[in-house]
Amino acid sequence: MSVIIQNQDFDVGLEYQRLCDANPKAGAVVFFVGLVRDFYSEPEQASEDSDSSPNIDYLELEHYAGMTESLCQETITQAIARFGVADARVIHRVGKLSARAQIVFVAVAGQHRSEAFQAAEFIMDYLKSTATIWKKEVGSNGAHWLGMKDKDAQAAKRWKSSER
Amino acid sequence: MITVLFFAQLSESAGLREVRLDASETQMSVRDLADKVVVELPKQLALDLFDGTVLVAVNKKRADWDTRVHAGDEVAFLPPVSGG
């Protein structure tokens, strides 16, 4: 079980190997990698000025050191208890990230795939809606901070209604 | 002293990330602290800080605007998050 917030990139193969080595009895490993999209602009901004494509040069991410780690740790602990999986880890990058860069990694090891998939999705949904991390789009037209999207808030909420 | 932290949009509106405030008053809530802190900072901060979307943390734990704060506390104002 680990949470790492760092600027440097991560190696999915290496992380997979580490998780397998730490959980020799696991029958299922699920992982998710989030990438920086080619452009991120909010729909209303794109339509305001339809002939200019959003010029995003890079993302700048900041976080609340100490709080982010404990929130992610809490989320992992909940996921392990709720879905009965063996282990989970999160790596989230911060700082300057360009298009197509890896941004977040969530991995879950468990006995069976169904619980592992669910736990990974639960962790991502909670991470997106609670972790103290903020993204700023920086491009030739300026820079702006992104807020939580409604669909992310909804995604986290559904875990509250579906008791298992 | 109380340490006040601003993140993301709020740090840009404030023009700084961190400010220290005298905590001699007893019985101060996060809201009272925010009212004090905006006085000396750019007007945009007050607009953003009180827009109804900002969450707060005291000593790196989620708190609310009525939570009491004391000398030595670290109070953070958190705009809507966008990680992942």
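## A mixed sheet in chain A

Welcome to this predicted model. In chain A, four strands make an open sheet with mixed pairing, in the order β1-β4-β6-β2. Strands here are DSSP runs of E with at least two residues, helices are runs of H or I with at least four, and both are numbered from the N terminus. Two strands pair if DSSP finds at least two bridges between them. At the edges stand β1 (2-6) and β2 of chain A, each pairing on one side only. On average, neighbouring strands of this sheet are turned by 5° against each other, direction ignored.

Inside the sheet, β4(A) and β6(A) pair in the antiparallel sense over six bridges, and A:D87 stands opposite A:A109 in β6(A). Helix α3(A) packs on the sheet and touches β1 and β4 of chain A, its direction making about 150° with that of β1(A). Helix α4(A) packs there too, touching β2, β4 and β6 of chain A, at about 145° to the direction of β6(A). Contact means heavy atoms within 4.5 Å; angles run from 0 to 180 degrees between N-to-C directions, with axes fitted to C-alpha atoms, for helices over the stretch in contact.

Helix α4 (residues 113-130) of chain A has 18 residues and reaches 25 Å from its first C-alpha to its last, close to the 26 Å expected, which is 1.5 Å times one less than its number of residues. Its buried residues include A:A116, A:F122, A:I123 and A:L127 (buried means under 20% relative accessible area, with a 1.4 Å probe and protein chains only). Among the elements covering them are α3 (67-83), β4 (87-93) and β6 (102-110) of chain A.

The largest nonpolar core has 33 residues, and A:V106, A:V108 and A:I123 have the most contacts inside it. Such a core is a set of buried Ala, Val, Leu, Ile, Met, Phe, Trp, Tyr and Cys residues joined through side-chain atoms within 4.5 Å. Its largest share, eight residues, comes from α4(A).

## A second sheet

Another open sheet of four strands in chain A is antiparallel and runs β5-β3-β7-β8. Because β5 (95-98) and β8 (142-145) of chain A each have a single partner strand, one side of each is left without a neighbour in the sheet. The twist averages 25° from one strand to the next.

## Reading the numbers

Residues are numbered from 1 along each chain as its sequence is written, and chains are lettered from A in the order in which they are written. Local features need pLDDT of at least 70, side-chain atom pairs count only at pLDDT 80 or more, and totals for chains, interfaces and linings use all residues, while side-chain values use heavy atoms, leaving out hydrogens and water.

Methods: Buried means under 20% relative accessible area, exposed over 50%, partly exposed in between (1.4 Å probe, protein chains only).
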